[in-house]
Amino acid sequence: MKLLLVVNPISGGIDKEPFLKNAVTICEKYGINYHIFKTSGKADQQKLTDIINTFKPTKVASVGGDGTTLFTCTALLHLNIPMGIIPLGSANGMAEELFVNPKPEEALKDIIMSEVIGHLDMVQVNDNNYSIHIGDVGLNAQIVKGYDKDVNRGITTYAKYFLKELSSIKTFDIKIEANGETINEQGIMLGICNSRKYGTGVPLNANGNPMDGMFEIVLVKKMDVNILAKAGLSIFSDSFIDNENALVISTTEAKITFNQERTLQLDGEIVGAFSTLDIKIIKGAVKFITHNNNTYLKR
C-alpha cells in the first residue's frame with residue numbers, strides 16, 4: 001500500500017503534528033509506504049496533482065475539515081484512487097455525514113484496513129467550482145463572509161453572525177430551471193445540497209444522500225425572525241427549516257438565475273458573486289473509503 005496524507009496544517013486551528021507523529025508510527029510499524037503533503041496556500045492544487053502523478057498512491061487520506069476534503073476530492077476527480085477522511089477541522093460535517101470515526105487515529109486505521117468503497121458524488125457549479133457537501137446563496141453565505149474573518153470558530157461564533165444577519169434579512173428574486181420546469185420565487189436563501197447538514201450541525205436537507213447521483217435545491221422562502229432570535233442556539237435542531245417555508249427539488253442539473261449578483265459559498269468557502277448558476281451532479285466522481293455501517297451504501 002502507498003498512502004498519501006493530504007494535510008491542511010491550519011484547519012480548525014488544530015495542531016496536526018501529534019496526529020501525524022502517530023500516523024507515521026502506524027505506517028512504519030506495518031510497512032506502509034507513505035507520503036505527507038501539507039498545503040501552504042500557494043499553488044496547492046498543482047503541487048498535489050504533481051505528487052499524485054509521481055508518488056502514485058493506492059489510497060489517499062484527507063486530514064482536515066470540509067475544505068480539505070473538497071480540495072482532496074477535486075484533485076482526485078475521475079482518477080479512480082480511493083480516499084478517506086481524517087476529521088481534524090473546525091467543521092467536520094462531511095466526515096459526520098459519511099459515518100467517519102470521529103477519532104483521527106481510528107479513522108486512519110479504517111482507511112488502511114477497509115476494502116469497502118463507496119462512490120461519492122460531486123456537484124459542479126459554473127464549470128470550474130465544486131462541492132461535495134453544501135453550498136448556498138443568501139443568508140448563510142453572508143454569515144460565512146463574517147465567520148471567515150473572525151479568529152474564533154465553532155457553533156457559538158456561527159450563531160453570533162447568524163443572529164446579526166437576521167436583523168437585516170431581505171428576500172430576493174430567484175428563478176429555478178430544473179426537471180423541465182421553471183419556478184419563479186422569492187427567498188432569503190437558496191441551498192445546493194449534496195448532503196443533509198452544515199458542518200455546524202444545522203440541518204438543511206432531510207433528503208440528502210451524497211451517493212445517489214442527485215442533488216437537492218432547497219429554497220428557504222422566509223423565517224420568523226422574532227422566534228429565531230428568541231430561540232438562540234436552540235434553533236440548531238431538526239426544526240431549523242420550517243417545511244412550510246421551504247421548497248426542495250431533487251435533480252441532476254439546474255440553472256439558477258438571480259435579479260443581481262449574489263455571493264456563493266461552497267463547502268464553507270466563498271467562491272465569488274454570480275447572477276447565474278449552472279449546476280450539475282457528477283455521479284460517483286470520487287471513490288470513497290468507508291465501511292459497511294455506512295447506511296448510504298444501502299439506500
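Buried means under 20% relative accessible area, exposed means over 50%, and partly exposed lies in between. These legends describe a predicted model.

View 1. Met1 sits in the segment before β1 (2-7). Its relative accessible area is 40%, so Met1 is partly exposed. Leaving aside residues up to four places away in sequence, Met1 touches Ile32, Asn33, Thr58, Lys59 and Ile112. Met1 and Asn33 are 32 residues apart in sequence, yet their C-alpha atoms are 6.2 Å apart.

**View 2. The whole protein.** The protein has 8 helices and 14 strands. Of its 299 residues, 52% count as buried. Among contacts with a separation of 6 or more, 72% join residues 24 or more positions apart. The protein exposes about 13,900 Å², and carbon and sulfur atoms supply 48% of that area.

**View 3. The buried face of α5.** Helix α5 spans residues 104-113, and Pro104, Ala107, Leu108, Ile111 and Ile112 are buried there. Seen down the axis of α5, the buried residues fall within an arc of 140°, so they line one face of the helix. Their cover includes β1, α1 (17-29), β3 (59-64), β4 (83-87) and β14 (269-290).

**View 4. The Lys59–Glu115 salt bridge.** The whole structure holds 5 salt bridges. One of them pairs Lys59 with Glu115, with the closest N and O atoms 4.0 Å apart. The pair links distant parts of the chain: Lys59 is in strand β3, and Glu115 is in the loop between α5 and β5, 56 residues apart. Lys59 is buried, at 6% relative accessible area. Glu115 counts as exposed, because its relative accessibility is 66%.

**View 5. The Arg196–Glu97 salt bridge.** Arg196 and Glu97 form a salt bridge, with closest N and O atoms 3.1 Å apart. Arg196 lies in the loop between β10 (189-193) and β11 (215-220) and Glu97 in helix α4 (residues 93-97), so the pair ties together parts 99 residues apart in sequence. Arg196 is partly exposed at 26% relative accessibility. Glu97 is buried at 3%.

**View 6. The Glu185–Lys221 salt bridge.** The side chains of Glu185 and Lys221 meet at 3.5 Å, N to O. Glu185 is in strand β9 (residues 181-187) and Lys221 in the loop between β11 and α8 (225-231), so the bridge joins parts 36 residues apart in sequence. Glu185 is partly exposed at 28% relative accessibility, and Lys221 is partly exposed at 27%.

**View 7. Asp121, buried without a salt bridge.** Asp121 belongs to strand β5 (residues 116-125). Asp121 is buried, and the nearest side chain of opposite charge, Lys283, is 6.9 Å away. A polar atom of the Asp121 side chain lies 3.2 Å from the backbone nitrogen of Asp212.

Technical notes: Residues numbered from 1 in each chain as written. Predicted model: local features only at pLDDT ≥ 70, side-chain atom pairs only at ≥ 80, totals over all residues. Heavy atoms only, no water. Helix = DSSP H or I, 4+ residues; strand = E, 2+ residues; numbered from the N terminus. Buried < 20%, exposed > 50% of the residue type's maximum accessible area, 1.4 Å probe, protein only. Contact = heavy atoms within 4.5 Å. Lys, Arg positive; Asp, Glu negative; His and termini not counted. Polar contact = N/O pair within 3.5 Å; in protein donor to acceptor, adjacent residues only side chain to side chain. Areas by Shrake-Rupley, 256 points an atom, 1.4 Å probe, with all protein chains shown as cover. Arc of directions from axis to C-beta.
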